[in-house]
Amino acid sequence: MNVPRLALNDGNSMPQLGYGVWQIPNDETETAVAHALEAGYRLIDTAAIYGNEEGVGRAIRASGLPREELFITTKLWNDRHGDAEAALDESLRRLGLDYLDLYLIHWPAPKYDNYLSAWKSLGNLKSSGKAKSVGVSNFMEKHLQVLFEETGTVPAVNQIELHPFFTQEDMRAFHARYGITTESWSPLGQGGALLDHPTIINLARKHERSPAQIVLRWHLDLGLVAIPKSATPRRIAENLAVFDFELDDEDRSAISALHTGNRLGAHPDNTDW
Ligand code: NAD
């Protein structure tokens, strides 16, 4: 399985399709990630707060895959913005790795009002080689502007909620202006209503593909990185089998027109954790 890679603004590159492990319990994560690696995923997306970095690490070691073939992302939790370097060391220890491919600030976290300091620390971690690339997650334009103005540096990636019900057109345009790669979280809209939507079902019939495959193809066509999650081996494989069919302009527009303006997850300004 040859997943295309996207060039990042720091000279590195990342696979365009990966496997997310939010809500997979630590003791089930090794098996789930083993299925994903077996299917051909090389990008694994976890976070300190998911509590399953050890499970990811066990699957990596058991796979026997060379480290350089993998692209491992984890995230700094909100209450560690003041000591990101220690938090990264703890994540590396749990993963059993000596470097990350991508380290993200998970949320801007207004409660702590300290993401600028976290971003400066991530710059040091990149220089030290402990994180090959550094970025953010759930940052809005105003948060990114603070980073640009105060440090003159630009995150490689912003991982944000993005799916056909919440298309993030403005953020995508903003990222394009600054060379930031957009990574879509909950790319399948968490399953359910999106995958049951008549527009998606009709396109699935037209292309003889599953609804999830139609939605993932839309992300790829928009130049996004997508990290769908499933714990079911059949779906894990299905979500990667999206490189041998194409949507046309009309298909893509019909999917983009499903935008509702409503998030499924939290608004970055309204979190108190
Ligand atoms: P998702 O959009 O990937 O949907 C996952 C759900 O869709 C599954 O639980 C399953 O019910 C269903 N599904 C998956 N494949 C399917 C298929 N082929 N057919 C039918 N149904 C299918 O949602 P998610 O898990 O919320 O997001 C994916 C990843 O994004 C997470 O695991 C995590 O890594 C990341 N994420 C990041 C943040 C953040 O704040 N940065 C927030 C949420 C999620």
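**Figure 1. Strands β6 and β7 side by side.** In this predicted model, β6 (residues 100-105) and β7 (residues 131-137) run parallel and are joined by five bridges. Strands here are DSSP E runs of at least two residues and helices are H or I runs of at least four, both numbered from the N terminus; two strands count as paired if DSSP finds at least two bridges between them. To find your way in, look for Leu100, whose bridge partner in β7 is Ala131. Residue numbers start from 1 along each chain as its sequence is written. Since the model is predicted, local features need pLDDT of at least 70 and side-chain atom pairs count only at pLDDT 80 or more, while totals for chains, interfaces and linings use all residues, and side-chain values use heavy atoms, with hydrogens and water left out.

**Figure 2. The whole sheet.** Stepping back, you can follow an open sheet of eight strands with parallel pairing, in the order β3-β4-β5-β6-β7-β8-β9-β10. At its edges stand β3 (19-20) and β10 (225-226); each has a single partner strand, so one side of each lacks a neighbour in the sheet.

**Figure 3. Helix α4 and Ser121.** Helix α4 (residues 115-128) lies across β5 (71-76), β6 and β7, at about 165° to β7. Such angles run from 0 to 180 degrees between N-to-C directions, with axes fitted to C-alpha atoms, for helices over the stretch in contact. Within α4 sits Ser121, which counts as buried because its relative accessibility is 12% (buried is under 20% relative accessible area, exposed over 50%, partly exposed in between, with a 1.4 Å probe and protein chains only). Leaving out residues up to four places away in sequence, Ser121 touches Ala84 and Glu85; contact means heavy atoms within 4.5 Å.

**Figure 4. Phe165 in its loop.** Here is Phe165, in the loop between β8 (157-161) and α6 (169-178). At 14% relative accessibility, Phe165 counts as buried. Beyond its neighbours within four places in sequence, its contacts include Ala193, Leu194, His197 and Leu258. Arg205 is 40 residues from Phe165 in sequence and 20 Å away, C-alpha to C-alpha.

**Figure 5. Around the ligand.** The ligand is surrounded by 27 residues, the closest being Asp45, Gln159, Ser186, Leu188 and Asn239 (a residue is near if one of its heavy atoms lies within 4 Å). Ser186 places a polar side-chain atom 2.7 Å from a ligand oxygen atom, and a polar backbone atom of Lys229 is 3.0 Å from an oxygen atom of the ligand; polar contacts with the ligand are pairs of N or O atoms within 3.5 Å. The protein covers 88% of the 830 Å² of accessible area that the ligand has on its own, by the Shrake-Rupley method with a 1.4 Å probe.

Methods:
A polar contact is a pair of N or O atoms within 3.5 Å; within protein, one must be able to donate a hydrogen and the other to accept it, and residues adjacent in sequence count only if both atoms are side-chain atoms.
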